[in-house]
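Dear colleague,

I am passing on the structure we talked about, with the sequence alongside. Please have it open while you read, as the notes below go through it residue by residue.

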Amino acid sequence: MNIHTHWSMREPASTLLGVIGAFLFPSDRRGSLGSQTWLRQGEGRGSQPRPKVSEMLLQKKRWESMAKGLVLGALFTSFLLLLYSYAVPPLHTGLASTRTSEGAAPCSPAPSEPEPVTSANGSAQGCQPRRDIVFMKTHKTASSTLLNILFRFGQKHGLKFAFPNGRNDFDYPAFFARSLVQDYRPGACFNIICNHMRFHYDEVRGLVPPNATFITVLRDPARLFESSFHYFGSVVPFTWKLSGQDKLAEFLQDPDRYYDPHGYNAHYLRNLLFFDLGYDSDLDPSSPQVQEHILEVERRFHLVLLQEYFDESLVLLKDLLCWELEDVLYFKLNARRASAVPRLSGELYRRATAWNELDARLYRHFNASFWRKVEAFGRERMAREVAALRRANERMRRICIDGGDAVDATAIQDAAMQPWQPLGAKSIMGYNLKKSIGRRHAQLCRRMLTPEIQYLTDLGVNLWVTKLWKVIRDFLQW
């Protein structure tokens with residue numbers, strides 16, 4: 001999960017400018033209405049209209065108030081931009097911070113395509129755990145849960161992460177660039193890249209060793225669209241024209257009526273998987289480029305996981321990376337409460353799939369390849385390992401979670417366990433950690449339950465933009 005509003009530094013500044021204006025101008029309007037009331041009252045008593053000099057003074061005061069608001073907003077915006085420019089390194093490769101990252105070593109020349117990875121095939125002998133991983137974190141696909149798994153593995157083994165600088169994503173929705181990495185220097189090499197980005201293969205490839213394993217995760221496009229619509233809809237301005245109670249159903253009745261491909265945050269509401277992977281999400285579905293892009297994803301990624309078959313995906317991942325069962329234990333993170341998850345009806349599901357045709361083609365392709373991998377792994381073996389993973393997860397649930405289940409945000413007692421919420425709602429659930437946990441499991445439990453933002457802070461990531469935005473949201477009660 002990234003800041004799931006994904007507003008850049010420019011947007012909080014613009015928002016505050018509007019708030020400042022809204023704060024000042026209503027007082028001007030009240031002054032204007034007050035003067036009109038005074039005139040009406042005066043006229044009712046037979047008084048003479050106010051002299052023109054008084055009207056001119058009132059007008060002057062209004063203009064002065066407006067000018068002060070504009071100046072104050074401009075100064076505040078300039079201050080934020082200046083602060084941003086000092087805190088974030090330049091966005092030009094080679095001009096970024098020259099500080100040497102501890103443990104970072106120059107990467108070997110990157111191949112044009114990743115090297116093949118041979119899975120462990122269930123054998124612990126002749127297999128070393130793989131520690132160089134690129135996780136292309138897609139939106140609303142259980143990717144926050146996978147992120148937690150990678151955080152824990154990297155922290156356990158002292159690996160070097162390529163983290164964003166200033167925020168919890170790599171300047172999304174802009175394309176990824178190496179210079180966005182905290183403590184980046186030319187030639188630096190990292191073990192794990194896993195935060196939200198808009199994928200740029202060449203830029204990512206140059207930060208990891210040639211034998212790095214590339215993975216990503218997909219989700220049924222209709223379900224993903226539904227989740228994205230409810231999570232991000234409030235920050236996509238063209239949805240504000242929707243007037244009905246069921247805005248998603250209204251939108252799907254005639255998407256072209258509302259959708260603006262150039263609108264702010266429009267990418268969240270059409271072919272989001274294609275967009276995250278770095279491609280044009282508004283391509284004509286009949287274009288040959290669509291299939292070319294899908295095959296390119298297949299060449300570049302060693303494993304494409306499926307959200308709907310998450311446990312089976314983790315078993316394949318564990319086998320591919322030669323990890324232990326403990327390395328892939330998980331609790332579901334960044335999940336919406338059931339009441340906030342309306343299910344698409346048959347007709348709306350069909351419409352949502354058609355609206356996201358590029359993603360649908362991508363998903364169908366990798367759904368088929370996923371089950372070919374399962375067949376190669378062995379169906380019976382897969383069933384045994386999925387059962388073992390679920391038993392281990394259930395055991396950890398009993399050990400770690402107070403009450404045994406996720407709770408609403410308002411019921412989370414520890415602020416360190418409070419997940420980031422979408423604008424205007426507290427629909428994301430979290431957990432309460434048990435008060436008494438044995439020494440053997442205390443650290444693992446806390447790490448498994450820690451939300452993304454807090455975990456990034458624990459790992460030493462500079463999140464000043466994210467934290468400033470949280471302060472602004474809390475102040476405005478968004």
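Over the ring of which residue does the charged end of K140 sit? The ring is that of Y231, and the charged end of K140 lies 3.8 Å from its centre. Please keep in mind throughout that this is a predicted model, and that the values below are computed from it.

To begin with the chain as a whole, its secondary structure comes to 16 helices and four strands, and buried residues make up 52% of the 478 residues. Of the contacts in the chain with a separation of 6 or more, 78% are between residues 24 or more positions apart.

Aromatic rings

The structure holds 28 aromatic pairs. One of them is formed by Y201 and F214, whose rings are tilted, with 5.6 Å from centre to centre and 45° between the planes. This pair links distant parts of the chain, since Y201 belongs to helix α4 (residues 201-205) and F214 to strand β3 (residues 213-218), 13 residues apart. Y201 counts as buried because its relative accessibility is 4%, and F214 is buried as well, with a relative accessible area of 0%.

F238 and F251 form another aromatic pair, and this one is stacked, with a distance of 6.3 Å between the centres and an angle of 20° between the planes. Here too the pair links distant parts of the chain, with F238 in the loop between α5 (221-232) and α6 (247-253) and F251 in helix α6, 13 residues apart. Both F238 and F251 are buried. They also belong to one aromatic cluster, which is formed by F225, F229, F238, F251, Y258, Y259 and W355. W355, a member of that cluster, has R270 lying over its face, at 3.8 Å from the ring centre.

Two packed helices

Two packed helices are described by the angle between their axes and the distance between the axes. For helix α9 (residues 288-300) and helix α12 (residues 357-377), the angle is about 35° and the axes are 10 Å apart, and α9 passes α12 in a right-handed crossing. On the α9 side the contact is made by V290, Q291, I294, L295, V297 and E298, while α12 contributes L358, R361, L362, H365, F366, S369 and R372.

Backbone geometry

Most residues other than glycine have a negative phi, and most peptide bonds are trans. A cis peptide bond joins Y172 and P173, with omega at about 10°, and P173 lies in the loop between α3 (143-156) and β2 (192-193). N265, which is not a glycine, has a positive phi near 65°, and N271, also not a glycine, has a positive phi of about 50°. N265 is found in the loop between α7 (255-258) and α8 (272-276), and N271 has its place in the loop between α7 and α8. N265 is buried, with a relative accessible area of 6%, and N271 counts as buried because its relative accessibility is 2%.

Which residues does Q307 touch, leaving aside its neighbours within four places in sequence? They are T141, A142, V217, L218 and R219. Q307 itself sits in the loop between β4 (303-306) and α10 (310-321) and is partly exposed, with a relative accessible area of 23%. Its C-alpha atom is 9.9 Å from that of L224, although Q307 and L224 are 83 residues apart in sequence.

T457 lies in helix α15 (residues 452-458) and counts as partly exposed because its relative accessibility is 32%. Not counting residues up to four places away in sequence, T457 touches L463 and K467. The C-alpha atoms of T457 and N168 are separated by 9.6 Å, while the two residues are 289 residues apart along the chain.

How values were computed: Residues numbered from 1 in each chain as written. Predicted model: local features only at pLDDT ≥ 70, side-chain atom pairs only at ≥ 80, totals over all residues. Heavy atoms only, no water. Phe/Tyr/Trp six-rings, centres within 6.5 Å; stacked < 30°, edge-to-face > 60°. Helix = DSSP H or I, 4+ residues; strand = E, 2+ residues; numbered from the N terminus. Buried < 20%, exposed > 50% of the residue type's maximum accessible area, 1.4 Å probe, protein only. Lys NZ or Arg CZ within 6 Å of the ring centre and 35° of its normal. Axes fitted to C-alpha atoms, helices over the stretch in contact; angles between N-to-C directions. Left-handed = near helix turned anticlockwise from the far one by under 90°. Contact = heavy atoms within 4.5 Å.
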